[in-house]
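User: Hi! Could you walk me through this model with me asking as we go?
Analyst: Happy to, here it is.
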Amino acid sequence: MTDVGFAYFLGRRVLAPLARVAYRPRIEGRQNVPRTGPVIFAANHLSFIDSFAIPMAAPRPVQFLAKSSYFDGPGLKGWLSRQIFLGLGANPVERGAGQAALDALDQQKRMLEAGKAIALYPEGTRSLDGRLYKGRTGVAFLALQTGAPVVPVGLIGTNEAMPVGAKFPRTKPRVTIRFGEPLDLSAHGPASSGRARRAATDELMAAIHALSGQELAGTYNEVPAHGAIERIKRVLPHERL
């Protein structure tokens, strides 16, 4: 067994059951998750531990992308970080917009074509105020391109269990993970259609909202624009992946 294989075995067979005992999460809708074939878990994003909660609660192995800095740190701390993320099923990726975002989509497409389950956050980044932000179209693009069903996931309480700045999650309050019924987004049209991608994304975000019960922000979750050019780009209509 390779180092990666051992790390994943340890995470899935040892650490995940221990975490369920220690934190006693409420897990709902596991019966909605397809047990075989490609599937996309699409969740709201409230906390760093969201990427721990979904693989821990899902009834099948889940792959997701994590920034490469979690894998290449020096010394014992870097090795431990790498083992933890490999154990969760994480794959390193360079974060960013433009070509970096397209490369990440291509990496996820290959995972789906291999019949794997992947987890993604349509909001793009964590919500710091607890509201549900407008979804970016990358998840819909993957679903329409590959035909993979999308399982919406509502995460509740992860931001209270591990707020920004906390080093370790708290055992209270208990976190809730809700898996919704799989969505077939193909009726919206081909992946090449911007209108289809937007409509599919809006359907997905409505399903996530029904599961999470969050207040809707009605806008994208983006850092403040710096410079006149960036502010103009934000005003002009363009697709966020």
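User: Which residues make the nonpolar surface patch?
Analyst: L76, W79, L80 and I84 make a nonpolar patch of about 430 Å². Patch residues have over 30% relative accessible area and no salt bridge, with like charges joined within 9 Å and nonpolar side chains (Val, Leu, Ile, Met, Phe, Trp, Tyr) within 5 Å. A salt bridge here is a side-chain nitrogen of Lys or Arg within 4 Å of a carboxyl oxygen of Asp or Glu. Areas come from the Shrake-Rupley method with a 1.4 Å probe, and for residues only the protein chains shown count as cover.
User: What should I know about the model itself?
Analyst: It is predicted: local features need pLDDT of at least 70 and side-chain atom pairs count only at pLDDT 80 or more, while totals for chains, interfaces and linings use all residues. Residues are numbered from 1 along each chain as its sequence is written, and side-chain values use heavy atoms, leaving out hydrogens and water.
User: Back to L80, where is it found?
Analyst: L80 belongs to helix α3, residues 75-88. Helices (H or I, at least four residues) and strands (E, at least two) are DSSP runs, numbered from the N terminus.
User: And how exposed is L80?
Analyst: Partly, with a relative accessible area of 46%. Buried means under 20%, exposed over 50%, and partly exposed in between (1.4 Å probe, protein chains only).
User: Switching to strand β2, why is it largely enclosed?
Analyst: Because five of the five residues of β2 (residues 39-43) are buried, the rest of the structure largely encloses it. Both faces are covered, with V39, F41 and A43 buried on one side and I40 and A42 buried on the other. In a regular strand, side chains alternate between the two faces of the sheet.
User: Which way does β2 run relative to β5?
Analyst: Parallel, over four bridges to β5 (residues 117-120); strands pair if DSSP finds at least two bridges between them. V39 stands opposite A117 in β5. β2 is also joined by four bridges to β6 (residues 150-156), again running parallel, and A43 sits opposite V153 there.
User: Now the backbone: what is the phi of R24?
Analyst: Positive, about 45 degrees, although R24 is not a glycine. R24 lies in the loop between α1 (3-23) and β1 (26-28) and is partly exposed at 40% relative accessibility.
User: Which residues does the cis peptide bond join?
Analyst: K172 and P173, with omega about 0 degrees. P173 is in the loop between α6 (158-161) and β7 (176-179). Most peptide bonds are trans.
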